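Please read these points beside the sequence and the model.

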Amino acid sequence: VFLWTYEREGCLNINVKLDPQWKDFWRSAYPGSVVAGYHQNKEHWNTIIVDEKADWLLVKELIEQSYQLTK
């Protein structure tokens with residue numbers, strides 16, 4: 001599994017796997033949009049909160065990275 005999707009608090013949430021070395025970078029670069037993986041291992045998963053201000057290039061990039069890590 002490279003991604004989980006669900007709705008939480010009215011927003012689409014996408015959990016993606018990541019290289020643990022980058023977890024803090026993504027979380028600090030996109031505060032409020034990228035957070036520690038909800039109901040996942042916080043070391044290996046981030047949650048992307050997709051709302052009206054979502055950066056779709058970021059979403060695509062993190063999904064691609066997650067896929068590459070798990071294939």
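**Notes on the model**

1. His39 is found in the loop between β3 (34-36) and β4 (45-50). Strands here are DSSP runs of E with at least two residues, helices are runs of H or I with at least four residues, and both are numbered from the N terminus. The phi of His39 is positive, near 60°, in a residue other than glycine. His39 is also exposed, its relative accessible area being 66%. Exposed stands for over 50% relative accessible area, buried for under 20%, and partly exposed for values in between, using a 1.4 Å probe and protein chains only.

2. This is a predicted model, in which local features need pLDDT of at least 70 and side-chain atom pairs count only at pLDDT 80 or more, while totals for chains, interfaces and linings use all residues. Residues are numbered from 1 along each chain as its sequence is written, and side-chain values use heavy atoms, with hydrogens and water left out.

3. β1 and β2 pair in the antiparallel sense, with six bridges. Pairing requires that DSSP finds at least two bridges between two strands. Arg8 has Cys11 of β2 as its bridge partner. The hairpin of β1 and β2 has two residues between the strands.

4. Which residue of this hairpin takes a positive phi near 50°? That residue is Glu9, which is not a glycine. Glu9 sits in the loop between β1 (3-8) and β2 (11-17). With a relative accessible area of 71%, Glu9 is exposed.

5. Gly32 belongs to the loop between α1 (23-29) and β3. Gly32 is exposed, at a relative accessible area of 53%.

6. How many salt bridges does the structure hold? There are three. The term covers a side-chain nitrogen of Lys or Arg within 4 Å of a carboxyl oxygen of Asp or Glu.

7. Lys23, Asp24 and Glu43 are linked in a network of salt bridges. Between Lys23 and Asp24, the closest N and O atoms are 3.6 Å apart. Lys23 is buried, with a relative accessible area of 15%, whereas Asp24 is partly exposed at 49%.

8. The side chain of Lys23 also meets that of Glu43 in a salt bridge, at 3.8 Å from N to O. This pair links distant parts of the chain, 20 residues apart: Lys23 is in helix α1, and Glu43 is in the loop between β3 and β4. Glu43 counts as partly exposed, with 37% relative accessibility.

9. The salt bridge of Lys53 is with Asp51, and their closest N and O atoms are 3.5 Å apart.
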